Amino acid sequence: MPTVLGSLRRLVLTPELADVGFAKRKFPVTPSPVTERLEAVPQAVVSGFEWGIDARSQWEVERKLAMVEPELRGFAYEGATMAFTVLDAMGRRGTRTRDLLMGPGQPHIFLAYIGIGFAMARLPRPLWKKVLPDLTGSPYYPTMSWLAVDGYGFDKAYFDTPRHIGRQEPLKPYPWQGAPDYFPRAVDQGIGRALWFVHGARPEGVVSAVEAFAERRRPDLWSGVGLAATFAGGCDHEGLAALRAAAGTNAPHLAQGAVFAAKARDYSGYLPEHSRATLAALTDLSGAAAVRLADDTGADAAAPGPLPAYELWRAAVRRHFAETRDRPAA
């Protein structure tokens, strides 16, 4: 049974399933099987949050998450991580988030970080210093913790679309991992991911939305588009080809996002066919080749420099595509 305090937090902090639907959010889409499948993503997040915020034990959450289909399980882990982050940040020395992510949540670590960002969107900034657990021993800590900032940007764009997509209002920087200047770039990747959902995976809508932003913001937006398109799917080969062509000189950013999505999916143990098809359309790579590229370039993230290791990794992937742009497809 849920706890009273947990139920109160759930009522205050998370929307109902219908509230994350595209019609309720007034997104410019026409209902279809594609939009219905895309809507299942935020609905899985909401379900995971409700299970996490109400649970009396981690075991209870694990069992519920295990019953979610592999396609959506990582998103449910996003929601559960969001819930545990809220509980830990609002409590005293909580370890729920760490226990989840060093245990059964480890394969979903990429999406779990995004769940931390969803919690950040609902917590006052003074509590942000408490949201990131020490995951020493995890191969992607702390490099991929920038996905929390991505999640924060996604949440703001999804739930306040007129402000952050319509008017392109920037979000206030924060010294995440000691790099406040990089914070807006990670936010923009999250906003780019949101564009894929806001426009129901329609390339023409996504492209138009990206081009409405200042030119300096577009590369990171394209990276987010590549992430969402490959992870969530929803577009046919013809549309993906149009998306890749529209990216133009930012095509390496689009491809980089696709590679990171393939890596995250593969790390979770489930790379669906739609992800493989999207990856091939945006990068000319197979799933195995994309994972190798991510793993091989990940070593570059350890190089010293003024940029976060996360950006060094992204840049290394982009260089691959910039250098091979004029070569025959792999």
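Here's a quick briefing on the chain as a whole and on one arginine, R265. This is a predicted model, where local features need pLDDT of at least 70, side-chain atom pairs count only at pLDDT 80 or more, and totals for chains, interfaces and linings use all residues. Residues are numbered from 1 along each chain as its sequence is written, and side-chain values use heavy atoms, with hydrogens and water left out.

**Overall build**
- The chain has 16 helices and zero strands; these are DSSP runs numbered from the N terminus, with helices being H or I of at least four residues and strands E of at least two.
- Its radius of gyration is 18 Å, close to the 20 Å that the globule rule gives for 330 residues, so the chain is as compact as a globular protein of that length. (The radius is taken over C-alpha atoms, and the rule is 2.2 Å times the number of residues to the power 0.38.)
- Along the principal axes, the C-alpha atoms fill a box of roughly 60 × 45 × 35 Å.

**Inside the chain**
- Of the 330 residues, 56% are buried, meaning under 20% relative accessible area with a 1.4 Å probe, protein chains only (exposed is over 50%, partly exposed in between).

**Zooming in on R265**
- You'll find R265 in helix α13, which covers residues 251-268.
- Is R265 buried or exposed? It counts as buried, because its relative accessibility is 3%.
- R265 touches several residues beyond four places away in sequence, including P70, F75, F231 and Y270; contact means heavy atoms within 4.5 Å.
- The side chains of R265 and E71 are joined by a polar contact of 3.0 Å. (That's a pair of N or O atoms within 3.5 Å; within protein, one must be able to donate a hydrogen and the other to accept it, and residues adjacent in sequence count only if both atoms are side-chain atoms.)
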